[in-house]
Amino acid sequence: MGLNILKMAAVPLTVIASAVVAPADNIRWLNTEYDFGAFKEAAGNQQGQVQFVNEGDEPTIITRVKPTCGCTVARYTEGEIAPGDTATVWFEYNPTGRPGRFRKHIKVYTGVASDLTSIVITGTVIGTPSTLGTQYPEEFGPLRLSTSHIRLGNVVYGQSRHEYIYGYNQGTDTLRVSWSHPYDALSLGVSTRNVAPGDLFTLSAYFNSRDQGEIGSLEYPVTLHIDYGERHEDVMLSMSANILPDTSKMNEQQLRDAPSSLVYPTVVELGDISRRSKPYEFSFSVKNEGRTPLKVKRVHSTQVRKALKVSRMPSVVKPGREERVKCKFDTGGLESGPFNVSVEVVTDDPLHPTRILHLIGIVK
């Protein structure tokens, strides 16, 4: 009996029982698992079937078949299945946009009592370049990743955040995956350390801001270790977060009496510059417009971590006063053309913990 795709549906199918039917223990399934093996996404929908024999003395029926995923549709032998006859459940899996190993269930209900049997279908989809390029755009040899940079966004100090990177093995060897870092605030995990060809895996990152101890934007470089065959590769990834102070326990009076930061100028024009060994020196002011002393905690840039050096930074700015910050900027690592580098000034201002100034210019 051929598979009529036009009559297949992903929704449950039902048949009304009108006769005495055999109980489920008189049904013998010839198979309850079906493995499609490895196949290319471009090959399109894959079809399979499982069967059972009615070994009872009375006829039986299939009352419903319910795939548990919209990627799978199914149909089945309708009407009574006489003693000694065989019934079939046909199914079809759609691999479009679903690279990697899969394991899906199809629920089959039989007999007057609608006894449940779960059919398991498995396989591995070899993704097309188009799908892989969309879902896993970062490519590192046999490894593809959904991103190489985990962005946690704003995290209030004391809170935690959990994010993920998804990966795919497009090679022909099993990948052994792990990653490492030196940071107390960051915990990393891998869903599976051995990733077979065509398989998916997940990298998890758990960040606890309380273990960080700093306010402002942060960036953590982390190393992903990949072994396959006789080769070893290290891939550099990163995670960023902006840590905000916890002001939830401050009342209105405390907020009014708190320090208030102002940075000026907000733009430092370096003009036309050339790559040179001597760093470019510049300065700016930090003013405290609040009622209590302002603590300056950090001046940095996540864009050019090593190129920016702070030569003078006040630790405290009294109310109504301002202090100069002096920096050196090494332009040797910049590419030719215009640039705009953000410099962050982190203070204990509860409402504006980070102020930004921009270094702009053109590298000749």
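Author: Start with a cut-off: a polar contact is a pair of N or O atoms within 3.5 Å, where one must be able to donate a hydrogen and the other to accept it. Note that this is a predicted model.

Reader: What makes the pairing of the Thr122 and Asp35 side chains a polar contact?

Author: The distance is 3.2 Å. The limit is 3.5 Å, so the pair qualifies as a polar contact.

Reader: Where does Thr122 lie, and which residues is Thr122 in contact with, leaving aside neighbours within four places in sequence?

Author: Thr122 belongs to strand E9, residues 115-126. Its contacts are Tyr34, Asp35, Phe36, Gly37, Phe102 and Arg103. Contact here means heavy atoms within 4.5 Å.

Reader: How many helices and strands are there in the protein?

Author: Two helices and 28 strands.

Reader: Why is the protein called more spread out than a compact globule?

Author: Set the value against the rule. For 364 residues the globule rule gives 21 Å. The radius of gyration is 31 Å, well over that, so the protein is more spread out than a compact globule. Along the principal axes, the C-alpha atoms fill a box of roughly 95 × 55 × 35 Å.

Reader: What share of the residues is buried?

Author: Buried means under 20% relative accessible area. Of the 364 residues, 42% are buried. The protein exposes about 18,600 Å², with carbon and sulfur atoms supplying 47% of that area.

Reader: How many side chains are positive and how many negative?

Author: There are 39 positive and 39 negative side chains. The centres of the two sets lie 11 Å apart.

Key
Residues numbered from 1 in each chain as written. Predicted model: local features only at pLDDT ≥ 70, side-chain atom pairs only at ≥ 80, totals over all residues. Heavy atoms only, no water. Rg over C-alpha atoms; globule rule 2.2 N^0.38 Å. Buried < 20%, exposed > 50% of the residue type's maximum accessible area, 1.4 Å probe, protein only. Areas by Shrake-Rupley, 256 points an atom, 1.4 Å probe, with all protein chains shown as cover. Lys, Arg positive; Asp, Glu negative; His and termini not counted. Charge placed at Lys NZ, Arg CZ, Asp CG, Glu CD.
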